[in-house]
Amino acid sequence: MKAPDFDYHRPETLAEALDLLARHGEDAAIIAGGQSLLALLNFRLAAPERLIDIGRLTDLKSLSEDHGHIEIGGLLRHCDLQASPLIARELPLLHKAIGHIAHPAVRHRGTIGGSLAMADPAAELGACCLALDGEFLLVSLQNRRWVAAADFFLGVYQTALRADEILAAVRLPKRRPGSIGIFDEIARRRGDFAMAGLALAAQTGDGGLSDVRLALLGVADRPILAGKTMAFLEGRPINEARIDEAAALIAGEIDPPEDPAYPPAYRRHLTGVLLRRALLELCS
Ligand SMILES: Cc1cc2nc3c(=O)[nH]c(=O)nc-3n(C[C@H](O)[C@H](O)[C@H](O)COP(=O)(O)OP(=O)(O)OC[C@H]3O[C@@H](n4cnc5c(N)ncnc54)[C@H](O)[C@@H]3O)c2cc1C
């Protein structure tokens, strides 16, 4: 099928794009890399009256750091982040996860803002931002607000973004001495969306893990934190018996949606396997 007709706007500045959204937000869709939106249009699952192409907004293409954080412009592509030494050094969890997103062709067009705004429950970046306790800058003509990743994802393809807002930037804390970041997922084929995935961020020390944040993808209607398992892992040394307990705990904690291809029990099992792998990696 082909996309329905639409008017096409290509603003040169953020102010121009926000003005267009203020006037037409309800009937318009932002297009960034187009890797998700074009499929929705072609399958006629979306039919906006106009597309606002934000590809020329240089304000959204910056990558900066201060003493504690990295700020990533919403238009940076997956391949930009994958090639960035700053991201590899300061955000190793995110860096590892990007290699699991689709294939090089998709990573050369798709953007971090597009992926987060799309809010696919199996997307890698949402879970990483949740594990890292990130924040997203949402801007409109009238307002700018930072929204925590934990408050941003509302359901399958649902977010806190309003019709007149653009996701302009993502702010993530830099790694600290002693911090670890593990990303892993299981997909049918390399590059497919994951059946289940895990992003684990924590501090390591003599007493075991602290500040544990364990985010999961592909097992709920949005990326989620595994709160009970996080509490179990907090402040305790990791050993084989605890790994078994933690894997059983996480499998019981989640409630994946019904899916004929991958039943909930299977996804629970995969999540336990992923956690076991992650904790074994920490012990090795
Ligand atoms: C074959 C294939 C395999 C894929 N596999 C994976 C995978 O394994 N993991 C994964 O995470 N993704 C996967 N994707 C999706 C890919 O990562 C997309 O790049 C991403 O989901 C959307 O980014 P985009 O820039 O292309 O957004 P677009 O397609 O341009 O937009 C997506 C949605 O976000 C909105 N939007 C875009 N940018 C903004 C912004 N800055 N502010 C507000 N709203 C915005 C749009 O209006 C639209 O609703 C796959 C895609 C394809 C085609």
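This is a short tour of a predicted model, one selection at a time. Residues are numbered from 1 along each chain as its sequence is written. In this predicted model, local features need pLDDT of at least 70 and side-chain atom pairs count only at pLDDT 80 or more, while totals for chains, interfaces and linings use all residues.

**Stop 1: the domains**

Colour the protein chain by its three ranges: domain 1 (7-53), domain 2 (58-173) and domain 3 (181-283). These bounds come from an automatic or database domain assignment.

Now show domain 1 with domain 2. Their centres, taken over C-alpha atoms, are separated by 19 Å. Domain 1 puts 14 residues into the contact and domain 2 puts in 17 residues; two residues are in contact if their C-beta atoms, placed from the backbone, lie within 7 Å. On the side of domain 1 that touches domain 2, select helix α1 (residues 14-24), which gives the most, with 6 residues. Helices (H or I, at least four residues) and strands (E, at least two) are DSSP runs, numbered from the N terminus. By class, that side of domain 1 has 7 nonpolar, 5 polar and 2 charged residues. Here Ala, Val, Leu, Ile, Met, Phe, Trp, Tyr, Cys and Pro count as nonpolar, Asp, Glu, Lys and Arg as charged, and the others, Gly among them, as polar.

**Stop 2: the ligand**

Select the ligand and the 28 residues around it; Gly33, Gly110, Gly113, Gly114 and Ala123 come nearest. A residue is near a molecule if its C-beta atom, placed from the backbone, lies within 6 Å of it. Two or more shell residues come from each of β2 (28-31), α7 (112-118) and β10 (166-173). The largest share, 5 residues, is from α7. The shell is made up of 15 nonpolar, 10 polar and 3 charged residues. Because domain 1 and domain 2 both give residues to this shell, the ligand lies between them.

**Stop 3: a hairpin**

Select β6 (residues 135-139) and β7 (residues 144-148), which pair in the antiparallel sense over 5 bridges. Strands pair if DSSP finds at least two bridges between them. The two form a hairpin with 4 residues between them. Val139 stands opposite Arg144 in β7.

**Stop 4: helix α12**

Finish at residues 264-283, the 20 residues of α12. Which residues of α12 are buried? Among them are Arg267, Leu270, Gly272 and Leu279; buried means that 20 or more other C-beta atoms, placed from the backbone, lie within 10 Å of the residue's own.

Conventions: The expected span of a helix is 1.5 Å times one less than its number of residues. A residue is buried if 20 or more other C-beta atoms lie within 10 Å of its own, exposed if 12 or fewer, and partly exposed in between; C-beta atoms are placed from the backbone.
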